[in-house]
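Biologist: I have a fold on screen and want to read it step by step. Where do we begin?

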Amino acid sequence: MIKMFTTQLTGLFKRIYNKQEFEIEDGARLLAQAAIGQGNIYIQSYGEMEAVTAEALFGAEPLPSAKRYDPSIELTEADRVLVVTRFSTDEDAVRFGKKLTADGIPFVAVSGVIEGEVNLLDEADVHLDTKVIKGMLPGDEIGERVSFPSSMAALYLYFALGFVIREMLEEYEE
């Protein structure tokens with residue numbers, strides 16, 4: 001089971017990178033604007049995606065200018081937001097995205113794309129797809145799928161964004 005999971009995870013990471021290389025760069029560029037300017041990169045995560053917030057704030061290499069979003073914060077036009085949730089139809093995340101859009105605050109969203117009437121895809125300036133919308137391995141029951149690594153996929157995208165943001169900041173400082 002572990003070997004199958006490892007194979008599936010490796011394939012997932014390759015698919016994410018191969019299909020979204022340019023979107024990752026666009027998202028990093030958008031977020032780097034805050035780090036280069038006078039703004040902050042606020043992170044709003046939902047559920048298990050708090051792993052991304054924890055990594056950005058407390059990991060071995062914290063993301064420059066990153067802060068946890070708190071509703072008491074008044075965002076400015078210099079700020080950028082990273083919204084991370086399991087599915088693109090998450091009602092709380094979509095509601096927050098609509099508020100950001102209405103307030104003119106650019107944001108990057110990370111989630112698994114699900115078709116739906118309300119969708120982060122419609123609100124985000126850049127959307128990155130975790131490509132995790134069901135379990136990756138067959139379960140014991142017929143038709144059942146298990147092993148749902150949405151937070152691992154989100155962390156992969158977070159690290160990809162972080163690499164590009166750091167590269168941009170290094171070029172800017174030269």
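Modeller: With burial. A residue counts as buried when its relative accessible area is under 20%. This is a predicted model. Of its 174 residues, 43% count as buried.

Biologist: What does the accessible surface of the protein come to?

Modeller: About 9500 Å². Carbon and sulfur atoms hold 51% of that.

Biologist: How many helices and strands does the protein have?

Modeller: There are 4 helices and 7 strands. Along the sequence the pattern reads α-β-α-β-β-α-β-β-β-β-α.

Biologist: How do I judge the overall dimensions?

Modeller: Compare the radius of gyration with a globule rule. For 174 residues, a compact globule would be near 16 Å; the protein has 16 Å, so the two agree. The C-alpha trace spans about 55 × 35 × 25 Å along its principal axes.

Biologist: And the contacts along the chain?

Modeller: Take pairs at least 6 apart in sequence. Of those contacts, 68% join residues at least 24 apart.

Biologist: Now a single helix. Why do residues three or four places apart point the same way?

Modeller: Because an α-helix has 3.6 residues a turn. Now look at α4, residues 150-173. Its buried residues include A153, A154, L157, Y158, L161, V164, I165, M168 and L169.

Biologist: What length does α4 reach?

Modeller: Its 24 residues reach 34 Å from first C-alpha to last, close to the 34 Å expected.

Note on methods: Residues numbered from 1 in each chain as written. Predicted model: local features only at pLDDT ≥ 70, side-chain atom pairs only at ≥ 80, totals over all residues. Heavy atoms only, no water. Helix = DSSP H or I, 4+ residues; strand = E, 2+ residues; numbered from the N terminus. Expected span 1.5 Å × (residues − 1). Buried < 20%, exposed > 50% of the residue type's maximum accessible area, 1.4 Å probe, protein only. Rg over C-alpha atoms; globule rule 2.2 N^0.38 Å. Contact = heavy atoms within 4.5 Å. Areas by Shrake-Rupley, 256 points an atom, 1.4 Å probe, with all protein chains shown as cover.
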